[in-house]
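This report describes one protein chain from its atoms.

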Amino acid sequence: MGQDQTKQQIEKGLQLYQSNQTEKALQVWMKVLEKSSDLMGRFRVLGCLVTAHSEMGRYKEMLKFAVVQIDTARELEDADFLLESYLNLARSNEKLCEFHKTISYCKTCLGLPGTRAGAQLGGQVSLSMGNAFLGLSVFQKALESFEKALRYAHNNDDAMLECRVCCSLGSFYAQVKDYEKALFFPCKAAELVNDYGKGWSLKYRAMSQYHMAVAYRLLGHLGSAMECCEESMKIALQHGDRPLQALCLLCFADIHRSRGDLELSQLKLHCLSESIYRSKGLQRELRAHVVRFHECVEETELYCGLCGESIGEKNSRLQALPCSHIFHLRWGLLGGWTGVGRVSAGHSRAQLA
């Protein structure tokens, strides 16, 4: 496969990936990797594979392609490519919680001789190092790294990097329990998305909304926390961002725990987990969550007193008698009584999800 054909196939894969046809995009890129002799094309497609596996939560695969990318960069004998590949290696280890390795690879990036990419990627290196220090609870060095990354962003008018740093600063202040700042920085990230993010991936909006949800919950603003978390989960589901889906599930559980509605928390978690596994075609895991969902329905007695079907299984209109028994509206209850129940369609599965 020559240079032109390699470029065409990479672009084809990007189009598939951007239209959420992730598996097809991966197949195209893997074919390029197997058949192309163009080193620069191989380097680029390896970068695509690193990014895709990161967003899918396949961090071991991400690491594997990052290592291959370093070998390709060495063959190209280009310092810019070497810097980019070491950054991907650092990020891979960050995702795998190998924080000491992350810091080591970031230092390797910073120690490389001056490159054209240094000004562009230096901020991302500092951000990855800050995330690693935060993972190790070395808070002073984490803050120093985040501030350095923020300076890079400001000096280079890199609003996308600034957005990512603000989200990390939100996590930082949440851990050190300054909840006002934990909310301020993700709100700043959301402003950047609104002002500059027209051509950005929706993952930046999802990321800022998630961090806002965490801060709102810590501040006790549970309604706002739920709205932000639902927005983040909606985008994560659309784009197959499994790591963010997992974070949102945990946030939903924390919100419901804060409200004290533990049964509803379990229902929501199983509904969301079921939708994730259904979209991935993971039948064994899907069946397990369907079973557990129905067990939760039984435990909470959320089922129709006439037809016996579960309430919350699907979007449906409900009504209740003054005695608080709940029924599906389609039954036209007892002489046409049509009062809207205290447990309304707000408990429908669509609402839960």
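Asp 157 is exposed, at a relative accessible area of 71% (exposed means over 50%, buried under 20% and partly exposed in between, with a 1.4 Å probe and protein chains only). Asp 157 sits in the loop that links α8 (139-155) to α9, and its phi is positive, about 50 degrees, although Asp 157 is not a glycine. Helices are DSSP runs of H or I with at least four residues, strands are runs of E with at least two, and both are numbered from the N terminus.

Glu 77 is also a residue other than glycine with a positive phi, near 55 degrees. The loop between α4 and α5 (79-95) holds Glu 77, which counts as exposed at 73% relative accessibility.

## Basis and overall make-up

The model is predicted, and local features need pLDDT of at least 70, side-chain atom pairs count only at pLDDT 80 or more, and totals for chains, interfaces and linings use all residues. Residues are numbered from 1 along each chain as its sequence is written, and side-chain values use heavy atoms, with hydrogens and water left out.

The chain has 17 helices and 2 strands. Of its 353 residues, 47% count as buried. Taking contacts (heavy atoms within 4.5 Å) between residues at least 6 apart in sequence, 51% join residues at least 24 apart.

Two packed helices are described by the angle between their axes and the distance between the axes. Here axes are lines fitted to C-alpha atoms, for helices over the stretch in contact, and angles run from 0 to 180 degrees between N-to-C directions.

Helix α9 packs on helix α10 (residues 179-196) at about 165 degrees, with the axes 7 Å apart. The two are therefore roughly antiparallel (over 145 degrees; under 35 is roughly parallel, 65 to 115 roughly perpendicular and the rest oblique). Their crossing is left-handed, a term for a near helix turned anticlockwise from the far one by less than a right angle, clockwise being right-handed. Nonpolar covers Ala, Val, Leu, Ile, Met, Phe, Trp, Tyr, Cys and Pro, charged covers Asp, Glu, Lys and Arg, and the others, Gly among them, are polar.

## The nonpolar core

In soluble globular proteins, nonpolar side chains tend to be buried together. A nonpolar core is a set of buried Ala, Val, Leu, Ile, Met, Phe, Trp, Tyr and Cys residues joined through side-chain atoms within 4.5 Å. The largest such core has 87 residues, of which Trp 29, Phe 146 and Val 165 touch the most other members. Helix α9 (residues 159-175) gives the most to this core, with 10 residues.

Leaving out residues up to four places away in sequence, Val 165 touches Leu 127, Phe 146, Ala 149 and Leu 150. Ser 168 is found in α9 and counts as buried, at 10% relative accessibility.

The axes of α3 (residues 39-55) and α4 (residues 59-76) come within 9 Å and cross at roughly 160 degrees, so α3 is roughly antiparallel to α4. This crossing is left-handed. Phe 43, Leu 46 and His 53 of α3 and Tyr 59, Phe 65 and Leu 76 of α4 are among the residues in contact. The classes are 13 nonpolar, 5 polar and 2 charged residues.

The axes of α11 (residues 203-219) and α13 (residues 242-259) come within 10 Å and cross at roughly 20 degrees. That makes α11 roughly parallel to α13, and the crossing is left-handed. The contact includes Met 207, Tyr 210 and Arg 217 in α11, and Cys 248, Cys 251 and Asp 254 in α13. It divides into 10 nonpolar, 1 polar and 3 charged residues.

## The start of the chain

Gly 2 lies in the segment before α1 (3-18) and counts as partly exposed, at 37% relative accessibility. Its C-alpha atom is 6.4 Å from that of Ser 36, 34 residues away along the chain.

Gln 3 is in helix α1 and is exposed, with a relative accessible area of 54%. Gln 3 and Ser 36 are 33 residues apart in sequence and 7.8 Å apart in space, C-alpha to C-alpha.
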